[in-house]
Amino acid sequence: MAAATTVTLLLLAGRYGYHRDELYFLLAGRHLDWGYVDQGPLVPALARLLDTIAPGNLVVLRTPSAVLAGAAVLLVAAIAREVGGGRGAQIFAAVLAALSGIVLASGHLLSTTTVDLLVWLVAAWCAVRLLRTGDSRWALGIGLALGVGMLSKVLPALLAVGLVAGVLIAGPRRLLRDRWVLAAAGVAALLAAPNLIWQAAHGFPQLGVAASIADGESSYSGRLDALYLQFVIISPYAVPIWIAGLVALLRRPTWRAYRAVGWAWLVVIGIVLIAGGKGYYDAPLLLVLTAAGAVVTAAWASRGSVRLRRGLLVLGVVPFLLPNIVLLLPVLPADRLPGFVVDVNYDAGETIGWPAFADSVAAVHRGLSPEERSRAVVLTGNYGEAGALARFGPARDLPRAYSGHNSMVDFGRPPADADVVIAVGWDGPGRLNSWFESCTQAGWVDQRVEVDNDENGGPIHVCRGLRRPWAQIWDTEVRHTG
């Protein structure tokens, strides 16, 4: 099942196009640092390496994600084994993981989420082994995983909080004084230090990103969306299974040793909902609950009317699990993508139409006089648009694109004499009018497909005459996070 997951993802990796985040990672990879406004150095460095090996090759860029997704499937089955599941339970857990929304979606794209998924599952597997065997040396595996994970994002710290809280609530509390556990905490802190030091030196900008997410200014954000995702991010089919797993972890006498894991999810999801985080932050722990639930479900299917019970499990796969493939992977033609796919999977729309987006900006650029073209720049509303123009703009003779979004603001500002600006990705001229003497709409984004994403159909403005120098407005007004 793990191999089938990886192979499937590789076969589909080249369809559609770059995701906005991938374009951002590629651009961030040109400006390597120990940290960024919204992430650590790991994924941008990986993106740079892969693009150096095979420039412009989507399959190569996405190969690590496909491999990590397969490894995640294997780890879910391994966790089922750790809590006593036999071969049938392990295979069932692997099927649920392989067809889950979080594994398919994150395995298709190069993203920090894929790294988080594997990091959390490795840490959870080590935690379950520690709790089963009592051998606290497994804590070193937890520390190593969390430390590496925090070079991608600080989210693994949330898992650490959940596991510590779970041990405080359900025990064994002696672990919090154990020398191997304390050593593991030191390993995690040492590995995470470069990114954390960068964040501290720059005023912890990730807190600003987290605040914008809590305000609902991002995909999959908002408390109601976060709650809703708990019931679909694995699949609706898996909901009663992971609930059964949670109940068993908290109440089954023979699983008393694992209660801290059940409490860890309750603490993590509580923090996510209270703080307004994204609803997929806790998804790896939902897969852990699913692994436990697969053991419970396999035992249930082996009692009573065995054929009936197993038949019900098999019949549920077709309507509730297989649709994830259509909704989350690029199996349908991009030019005839049904609207409901983008409604369910926002990221699908963000992988379509970037070359045509660059064409739309280039058409406006060609409409300028030769004198204006010589000093024109592009100002985009978000990092995906800037990344797309960095990737596709040179072939269209476009000037450099700048943006104040997240770490893009630190990659450079326009030259002082750049007073002709092609502005794209801004809803209207309202904010632009505070920076320029005049802004007029000169075109719109036509991605040449009927897709409802953040760019298609948006206005393109030409702005002239800076009211104040770039140096005065760049960090104070153009800069924005989210």
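Student: Before we turn to this predicted model, which cut-offs separate buried, partly exposed and exposed residues?

Tutor: Relative accessible area decides the matter: under 20% a residue is buried, over 50% it is exposed, and in between it counts as partly exposed. Asp-454, at 47% relative accessibility, therefore falls in the class called partly exposed.

Student: Is Arg-20, the salt-bridge partner of Asp-454, buried or exposed?

Tutor: The side chains of Asp-454 and Arg-20 meet in a salt bridge, with 3.6 Å from N to O. Arg-20 has a relative accessibility of 6%, and because the limit for this class is under 20%, Arg-20 counts as buried.

Student: How many residues apart in sequence are the parts that Asp-454 and Arg-20 tie together?

Tutor: Asp-454 lies in the loop between β4 (436–444) and β5 (459–466), whereas Arg-20 belongs to helix α2 (residues 20–29). The pair therefore ties together parts whose separation in sequence is 434 residues.

Student: Which helix holds Arg-391, the residue that forms a salt bridge with Asp-51?

Tutor: The closest N and O atoms of Asp-51 and Arg-391 are 2.9 Å apart. This pair links distant parts of the chain, 340 residues apart, with Asp-51 in helix α3 (residues 42–53) and Arg-391 in helix α22 (residues 383–392).

Notes:
Residues are numbered from 1 along each chain as its sequence is written. This is a predicted model: local features need pLDDT of at least 70, side-chain atom pairs count only at pLDDT 80 or more; totals for chains, interfaces and linings use all residues. Side-chain values use heavy atoms; hydrogens and water are left out. A salt bridge is a side-chain nitrogen of Lys or Arg within 4 Å of a carboxyl oxygen of Asp or Glu. Helices (H or I, at least four residues) and strands (E, at least two) are DSSP runs, numbered from the N terminus. Buried means under 20% relative accessible area, exposed over 50%, partly exposed in between (1.4 Å probe, protein chains only).
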